[in-house]
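Okay, thanks everyone, let's get going.

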Amino acid sequence: NKKPVACRSRAFCLRYRLMHVLNTLAPVFLIIALGAVLGWRGFISDSLRAGLTRMCYWVGLPCLLFVKISQAKSIDAAAWEIAIIILIGTAVMIAVSLLAARLMHCHAARVGTFVQAGFRGNLAYVGLAIIVLLFPPEFVASTALAMAPVVVVYNVAAVVALLVSEHRLSAAAIKKIALSVITNPLLISCTAGIVWMFARMHFGLKMPVFIGRTLTNIGQFALPLALMCVGGSLASTSLKGHFSLAIVASVIKVALGPLLGYAAARLLGIGQTETAIAMIMLACPTAVASYILTEQLNGDTSLAAGSIVISTILSAVALSVVIATMT
């Protein structure tokens with residue numbers, strides 16, 4: 001959607017912005033809602049959803065990221081600026097989450113789960129789906145490039161937070177952190193895309209048409225299927241206690257995050273489009289993957305589940321505000 005040259009009236013401007021937000025967010029959240037309904041009605045079983053989620057995570061999204069990055073003209077300034085804003089926002093969200101956990105007298109065993117819920121966003125499933133709808137291909141490629149360092153920080157910070165709260169940060173744990181980073185399929189696909197981009201630019205290497213089309217077709221199913229899996233996860237999530245902690249973590253994630261991103265962008269003099277993209281990514285709900293990691297590292301799964309559901313609901317409001325004011 002392109003903004004009108006001039007708003008003829010305040011009512012016209014308001015109607016335009018409302019339709020702009022609706023046309024951007026409705027496709028994303030309606031697919032999430034469809035996944036929730038299908039999960040609730042039994043069309044998508046837990047085992048099927050788990051398999052589809054793995055397929056999106058290990059096959060679909062990596063193909064999508066590889067294609068977008070490999071077609072980029074270069075690692076432009078936009079990619080660096082988007083990454084910087086997200087990383088600054090993430091660092092402050094971690095600090096605020098730790099402070100909030102202390103002020104709320106959060107049990108030590110829950111601190112790691114609370115902190116992870118307060119900073120780890122669903123960038124690949126929700127954020128990228130919105131960016132694809134809103135911005136031209138060159139900015140989608142810049143966003144995909146920016147995700148590479150963010151994926152590293154998310155994985156390391158989440159594992160460290162959960163292990164420290166359980167006092168289990170040993171040499172074996174550090175090895176596990178390193179392994180989780182280097183085997184992350186999103187990071188691998190981003191790295192492979194960057195390598196191919198440089199090979200194309202400097203050595204004239206061309207991807208065979210049939211391979212490019214195959215990867216593109218695989219990547220096209222990733223985002224809608226991933227969103228349906230998010231909805232299915234919400235439908236099967238049982239909310240038990242810790243609502244105050246889950247609400248505070250969700251507010252930090254979807255409300256404070258984009259505000260921090262905006263402040264950082266203004267201080268650094270970063271452009272409007274890059275700022276908008278980073279704010280959208282920072283306003284995304286808590287990642288569904290955070291529940292899986294919490295379960296694996298013996299964190300508080302009830303708090304993790306509650307944070308995912310509540311942040312998903314609140315993110316609809318936060319994303320609406322960001323899109324209405326920044327795009």
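Buried here means under 20% relative accessible area, with a 1.4 Å probe and protein chains only. Helices are DSSP runs of H or I, at least four residues, numbered from the N terminus.

Quick housekeeping: this is a predicted model, so local features need pLDDT of at least 70 and side-chain atom pairs count only at pLDDT 80 or more, while totals for chains, interfaces and linings use all residues. Residues are numbered from 1 along each chain as its sequence is written, and side-chain values use heavy atoms, with hydrogens and water left out.

Back to helix 3, residues 77-103. The helix has 27 residues and spans 39 Å from first C-alpha to last, close to the expected 39 Å at 1.5 Å a residue (that's 1.5 Å times one less than the number of residues). After helix 3 comes His 105, with a positive phi near 55°.

Leaving out neighbours within four places in sequence, Thr 90 is in contact (heavy atoms within 4.5 Å) with Phe 119, Val 153, Tyr 154 and Leu 282.

Next, the core. The largest nonpolar core has 97 residues, and Ile 130 and Ile 280 have the most contacts inside it. By core I mean buried Ala, Val, Leu, Ile, Met, Phe, Trp, Tyr and Cys residues joined through side-chain atoms within 4.5 Å. Helix 6 gives the most to this core, 16 residues. Setting aside residues up to four places away in sequence, Ile 280 touches Ile 130, Ile 131, Leu 134, Phe 135, Leu 319, Val 322 and Ile 323.

Last one: Ala 305 sits in helix 13. Why does Ala 305 count as buried? Because its relative accessible area is 5%. Ala 305 and Val 288 are 17 residues apart in sequence, and their C-alphas are 8.3 Å apart in space.

Terms used
Helices (H or I, at least four residues) and strands (E, at least two) are DSSP runs, numbered from the N terminus. Buried means under 20% relative accessible area, exposed over 50%, partly exposed in between (1.4 Å probe, protein chains only).
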